[in-house]
Amino acid sequence: MFTATLAYPPSANHYWRSYGRKVVISRGGREFRTKVCAQLGGGNGPRKPPMGGRIALAMDAFPPDKRVRDIDNLMKPTLDSLQHAGVFFDDEQIDILIGRRREVVKGGRLDVRINEFPLSACPLCGAAFSAGDN
């Protein structure tokens, strides 16, 4: 199992920018990805081999304030950054993706848990699966 607490990510609406026909990661998106890579030892530095095989990813989003936000807009920037940091090879490996909004915390944060298959417990509550559940 992999667990990490990350900074609150930029929304997918602010992660990419278009310049004519070119789409690039925004300054805020690059800063978030750089922070994740530095925290997890990925990107341009030495890193452990990424997870292979099928995975389940659960994230708890603790927003920095009470503004209305779409939780699904947090997923792609986070997955992109985790892949870039070398946590897994490609987000295509994800068979279960769960996002849960939690209470507001100062500065915001994202708690991420990744399990490889077969799962022995629910990625959210930790309850053990019985035979044949996954």
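Which residue takes a positive phi in the hairpin of β2 and β3? The views below, all taken from a predicted model, begin with that hairpin.

**View 1. The hairpin of β2 and β3.** Strand β2 covers residues 16-19 and strand β3 covers residues 22-25. The two run antiparallel and are joined by four bridges. Two residues lie between the strands, and G20 is the residue with a positive phi, near 65°. Within the pairing, R17 stands opposite V24 in β3.

**View 2. The open sheet of four strands.** The strands are ordered β1-β6-β4-β5, and their pairing is mixed. Strands β1 (2-6) and β5 (94-101) are at the edges; each has a single partner strand, so one side of each has no neighbour in the sheet. On average, neighbouring strands of this sheet are turned by 15° against each other, with direction ignored.

**View 3. The pairing of β4 and β5.** Strand β4 is made of residues 55-62 and pairs with β5 in the parallel sense. Seven bridges connect the two strands. A58 stands opposite I98 in β5.

**View 4. The largest pocket.** The space in the largest pocket is about 190 Å³. Its lining includes Y8, P9, P10, S11, N13 and H14. Also in the lining of the largest pocket are R67, V68, R69, D70, N73 and L74. By residue type, the lining of this pocket holds five nonpolar, four polar and three charged residues.

Terms used: Residues are numbered from 1 along each chain as its sequence is written. This is a predicted model: local features need pLDDT of at least 70, side-chain atom pairs count only at pLDDT 80 or more; totals for chains, interfaces and linings use all residues. Side-chain values use heavy atoms; hydrogens and water are left out. On a 1 Å grid over the protein atoms alone, a cavity is a set of points where a 1.4 Å probe fits but cannot get out, and a pocket is an open set with protein on both sides within 12 Å along at least five of seven lines; lining residues have an atom within 4 Å of a point. Grid points are joined across faces, edges and corners, and a volume is the space filled by probe spheres set on the points. Ala, Val, Leu, Ile, Met, Phe, Trp, Tyr, Cys and Pro count as nonpolar, Asp, Glu, Lys and Arg as charged, and the others, Gly among them, as polar. Two strands pair if DSSP finds at least two bridges between them. Axes are lines fitted to C-alpha atoms, for helices over the stretch in contact, and angles run from 0 to 180 degrees between N-to-C directions.
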